[in-house]
Amino acid sequence: MTNLQKIIILSTAFSISLLSVRAFDINKTLKQTEMQLSHMSEDVDLLKQKIEDLEYQKTLVGTDEYIEKIAREKLGLIKEGDIIFKER
């Protein structure tokens with residue numbers, strides 16, 4: 001085997017080693033990115049549900065029933081004819 005052939009074989013082996021290390025790094029980065037994407041997808045689903053809940057609440061806020069409920073719960077208002085119980 002000539003020196004040129006040895007150099008070519010060593011260069012090829014070195015190149016393959018470098019490519020293997022780089023491929024490993026790329027694979028690791030890909031797995032991390034896929035994990036981040038999965039978490040972000042879960043976050044998006046949660047946010048979509050939250051938006052849906054808020055849209056529903058938005059429809060309730062303007063109703064007389066909602067206003068009365070809040071007035072009773074938060075402000076302690078009563079209607080005519082209500083029976084009031086006091087704690088001792």
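The exercises below, each with a worked solution, concern a predicted model.

**Exercise 1.** Decide whether Thr59 and Leu60 are buried, partly exposed or exposed.

*Solution.* Begin by placing the residues: Thr59 is found in helix 1, and Leu60 is found in helix 1 as well. Next, recall the cut-offs, by which a residue is buried under 20% relative accessible area, exposed over 50%, and partly exposed in between. Thr59 has a relative accessible area of 54%, and is therefore exposed. Leu60 has a relative accessible area of 31%, so Leu60 is partly exposed.

**Exercise 2.** Identify the residues of the nonpolar patch on the surface, and name the element that gives the most to it.

*Solution.* The patch is formed by Tyr56, Leu60, Val61, Tyr66 and Ile67, which together have about 450 Å² of accessible area. Two elements, helix 1 (3-61) and helix 2 (64-75), each give two or more residues to this patch. Helix 1 gives the most, with three residues.

**Exercise 3.** Check whether the span of helix 2 agrees with its number of residues, and describe what follows the helix.

*Solution.* Helix 2 has 12 residues, which at 1.5 Å a residue should span 16 Å. Its end C-alpha atoms are 15 Å apart, which agrees with that expectation. After helix 2 comes Gly76, whose phi is positive, near 70°.

Note on methods: Residues are numbered from 1 along each chain as its sequence is written. This is a predicted model: local features need pLDDT of at least 70, side-chain atom pairs count only at pLDDT 80 or more; totals for chains, interfaces and linings use all residues. Side-chain values use heavy atoms; hydrogens and water are left out. Patches are made of residues with over 30% relative accessible area and no salt bridge: like charges are joined within 9 Å, nonpolar side chains (Val, Leu, Ile, Met, Phe, Trp, Tyr) within 5 Å. Accessible areas come from the Shrake-Rupley method with a 1.4 Å probe; for residues, only the protein chains shown count as cover. A salt bridge is a side-chain nitrogen of Lys or Arg within 4 Å of a carboxyl oxygen of Asp or Glu. Helices (H or I, at least four residues) and strands (E, at least two) are DSSP runs, numbered from the N terminus. Buried means under 20% relative accessible area, exposed over 50%, partly exposed in between (1.4 Å probe, protein chains only). The expected span of a helix is 1.5 Å times one less than its number of residues.
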